[in-house]
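Please look over the notes below with the model open beside you.

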Amino acid sequence: MRSIVKLATPVAAAALLLTACGGTTGGSTEEPSAGASGGSSCPEGLSIGFFGALTGANANLGVNIRNGVDLAVTQHNAQDGACQVTLEDYDSQGLPDQATGLATQAVRDENVLGIVGPAFSGESRVADPIFAEASLVGITPSATNPSLSEQGWETFFRVLGNDATQGPAAASYITDTLGKQKVYVIDDASEYGKGLADLVRADLGAAKVKDSTVQTGQTDFSAVVADVRASGADAVFYGGYYSEAGLLLKQLREAGLSSEQVAFVTDDGAKDEGLITAAGAEAAEGTLITCPCLPPDQAEGTFVQDYTDAYGTAPATYSAEGYDAAKILLAGIADGVTTREDMLEFVRGYDEPGVTKQLKFDDKGEPSEISVWAYKVEGGQIVADQEIQTS
């Protein structure tokens, strides 16, 4: 995760990590074996896509996922006799207003048999109905708004638990594990942040002393900081992404509200080194984060070493989930899938172990296995704290 910080700007990160920006990547650097790139059973030009932020304020999360997808494609293409697959990038910057054009672009490219993404809930709300109309499978590794699976989109799948699990888990972690009883809840008004914060509010019950809403892109949180102080809260829960979470945290600590006085708890959208960069290491120390994602170093098999060898850094938030989502689509292609309709049927019936869990979906596209973990900032790094027991 440290390398994401070193690539200080998302544009720089994308430029370094996307080796064929705007086109296709992911092909093996090795020469394909004879017949691997063509033949009647192996059409040329087969592609899968990544849809999410590769530039913009929250690009770190997208780059983490995209690297996992790229690794899966590279490994697939290196197999003897494999149909060669390219990776198409749809850089949404995490913005819903970018999603319509990019989703339309993806469905018009008949070579694209499936999408890993969209990465964020807001853009998913816009892009997924377009995918559904075109029978284009989308497997999200990170969009957690529960209502996404309730829209009747037959092409919607996700490989991690949604916020209907994370919200109650976060609330119980705050009250039962941390022992906090006066919680101030803040959201960023986004599809994801507000949706999750509302679930936390509901499960906190009387432990919620007050709440507030800020805006994505906001930098001055003095009013809400003053309100937190006045409320007497002993914990803050923030629903949103790392850019605003880090600035809010910095201003809380600068106002004299130490981690001993007011615990700061946030979510998977803020589980990134960018949180520490925005807040400063001292202010970020002790921050607690919930995520329906497996600690990357607990992924099965050789994934961690393979990823580290490929990108010079350990996998970070959603890298393993992105890898798992891509492997499902690539398994379909390896099984002879060459149409979107056949890919949809293949994914519906998929039931195989991944690096994060057994990968199987219910009739709404939700995963059969769900876990929620708590993480903490310790020594300037985000490390696993404990798995939160869920009912």
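**Notes on the predicted model**

1. Phe303 and Tyr323 are both buried. Bear in mind that this is a predicted model.

2. Where do the two partners sit? Phe303 belongs to helix α12, residues 303–311. Tyr323 belongs to helix α13, residues 319–334. The contact therefore ties together parts that are 20 residues apart in sequence.

3. Phe303, Tyr307, Tyr311 and Tyr323 are linked into a cluster by ring pairs. On helices in general, an α-helix has 3.6 residues a turn, so residues three or four places apart point the same way.

4. Does the length of α13 agree with expectation, or disagree? At 1.5 Å a residue, its 16 residues should span 22 Å. The C-alpha atoms at its ends are 22 Å apart, which agrees. Helix α13 is also mostly covered, with 13 of its 16 residues buried. Just after α13 comes Gly336, with a positive phi of about 105 degrees.

5. The charged end of Lys271 sits over the ring of Tyr375. The distance to the ring centre is 4.4 Å.

6. How many disulfides does a search of the whole structure find? It finds two. In sequence order, the bonded cysteines of the chain pair as 1-2, 3-4.

7. Cys42 is joined to Cys83, S to S 2.2 Å. Cys42 lies in the loop between β1 (24–25) and β2 (47–52). Cys83 lies in the loop between α3 (59–78) and β3 (86–91). The link therefore ties together parts that are 41 residues apart in sequence. Both Cys42 and Cys83 are buried.

8. The other disulfide joins Cys291 to Cys293, S to S 2.0 Å. Is this link right-handed or left-handed? The angle about the S-S bond is 130 degrees, and the link is right-handed. Cys291 and Cys293 are buried as well.

How values were computed: Residues numbered from 1 in each chain as written. Predicted model: local features only at pLDDT ≥ 70, side-chain atom pairs only at ≥ 80, totals over all residues. Heavy atoms only, no water. Helix = DSSP H or I, 4+ residues; strand = E, 2+ residues; numbered from the N terminus. Buried < 20%, exposed > 50% of the residue type's maximum accessible area, 1.4 Å probe, protein only. Phe/Tyr/Trp six-rings, centres within 6.5 Å; stacked < 30°, edge-to-face > 60°. Lys NZ or Arg CZ within 6 Å of the ring centre and 35° of its normal. Expected span 1.5 Å × (residues − 1). Disulfide = S-S within 2.5 Å.
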